[in-house]
Amino acid sequence: MYDVLVVGSANADLTVRVNRRPGAGETALGTDLVESAGGKGANQAAAAARLGVRTALLAKVGDDAYGELLLAAQRAAGTELGHVLVEKGARTGTAMIVVDPDGDNSIVVSPGANALLSPAEVAAAREVIAASAVVSLQLEIPYGTVREVVRIARETGTRVVLNPSPTPEELDPGLLAAADPLIVNKHEARWLTQLHCGGPDEWARALRKAGARSVVITLGERGALVLEEGAAEPVQLPGIEVEAVDTTGAGDAFTGALAGRLAAGASLVEAARFAVRVGAAAVTKPGAQPSYPTLSELPG
């Protein structure tokens with residue numbers, strides 16, 4: 001039915017650019033507030049759909065103006081929205097984002113309706129999960145809901161792509177065992193492995209030893225590192241030099257692109273190499289979903 005089913009969050013991104021991100025107790029003057037569509041789940045769905053991948057989103061929004069904003073953005077990207085749930089009386093999730101001149105960001109997420117997506121609701125979508133080649137997951141929805149998706153995916157043979165963000169204190173062994181791949185950035189890899197003096201190679205090996213079937217570590221402008229199932233050594237993929245404007249949602253663009261390529265039958269290394277190009281394109285424009293490229297807009 002679908003190449004990629006994304007089960008996850010949908011947030012309205014409220015973004016302010018500053019000359020310098022403030023420290024504790026400090027006030028900084030920023031630009032005008034920009035409202036745009038975001039949320040890790042919705043971002044990944046939009047990224048895949050804009051690349052021509054048959055993509056559906058299973059998420060929950062509130063019956064408010066932000067919910068309408070998110071649905072309109074997904075329609076524009078080409079995502080199938082028949083599985084998005086609207087919770088009456090609920091507030092749509094929001095993310096407050098501060099971006100500095102280098103394009104780096106700090107983000108605080110208020111879950112809103114995302115916290116109401118229940119295990120029972122994803123269980124009701126069992127046939128959709130079973131009919132999808134890849135299901136992409138993050139952790140901005142309840143942990144129990146993510147576990148239920150993984151349970152169904154493992155029973156039905158659907159491949160699981162897991163981006164454990166926001167980073168948990170400890171990752172559930174059952175989620176790790178299903179991840180093919182587990183996608184983390186260098187900060188998440190360091191935290192999950194507790195190897196603070198190690199590097200990407202060590203982190204990837206430690207994550208696979210902990211139970212992940214395969215691992216991808218995104219390294220920003222340095223590209224990505226891939227450790228496939230059964231491989232003895234990780235593969236380093238070079239980055240693409242671009243002028244970064246805003247890194248918000250770049251990791252989601254990478255994940256959505258990678259999931260789409262896996263669904264098309266590419267190897268993990270091939271999929272990650274393509275995803276590096278998509279992530280590079282995404283940082284050259286402001287915002288998350290508004291920055292995501294079509295195939296014709298990719299660099300390299």
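Colleague: In which sense do strand β2 (residues 11–17) and strand β7 (residues 93–99) pair, parallel or antiparallel?

Modeller: General idea to begin with. Strands of a sheet pair through backbone hydrogen bonds, and the pairing is either parallel or antiparallel. Now this case, which is a predicted model. β2 and β7 run in the parallel sense, with seven bridges between them.

Colleague: Which residue in β7 stands opposite Asp 13?

Modeller: Ala 95 does. Find those two residues in the structure above.

Colleague: In what order do the four strands of the open sheet come?

Modeller: Read across the sheet: β3-β2-β7-β8. The pairing in this sheet is mixed. Neighbouring strands are turned against each other by 25 degrees on average, ignoring direction.

Colleague: Which strands does helix α2 (residues 65–77) touch?

Modeller: Helix α2 packs on the sheet and touches β2, β3 and β7. Its direction makes about 60 degrees with that of β3.

Colleague: Which strands pair with β9?

Modeller: One is β1, in the parallel sense over five bridges. There, Tyr 2 has Ser 132 in β9 as its bridge partner. Another is β10 (residues 159–162), also parallel, over four bridges. In that pairing, Val 134 stands opposite Arg 159.

Colleague: Is the unit made by β9, helix α5 (residues 143–156) and β10 right-handed or left-handed?

Modeller: Follow the chain from strand to helix to strand. This β-α-β unit is right-handed.

Colleague: How many residues does the largest nonpolar core have?

Modeller: It has 47 residues. Val 216, Phe 254 and Leu 258 have the most contacts inside it. Elements giving two or more residues to this core include β1 (2–7), α1 (40–50) and α9 (250–263). The largest share, 10 residues, comes from α10.

Colleague: Which residues does Leu 258 touch?

Modeller: Leave out residues up to four places away in sequence. Then Leu 258 touches Pro 181, Ile 183, Val 216, Leu 268, Ala 271, Ala 272 and Ala 275. Apart from this core lies another, of 38 residues, including Leu 58, Leu 171, Val 184 and Ile 217.

Key. Residues numbered from 1 in each chain as written. Predicted model: local features only at pLDDT ≥ 70, side-chain atom pairs only at ≥ 80, totals over all residues. Heavy atoms only, no water. Pairing = 2+ DSSP bridges. Axes fitted to C-alpha atoms, helices over the stretch in contact; angles between N-to-C directions. Contact = heavy atoms within 4.5 Å. Core = buried A, V, L, I, M, F, W, Y, C linked by side-chain atoms within 4.5 Å. Buried < 20%, exposed > 50% of the residue type's maximum accessible area, 1.4 Å probe, protein only. Right-handed = clockwise from strand over helix to strand, strands pointing away.
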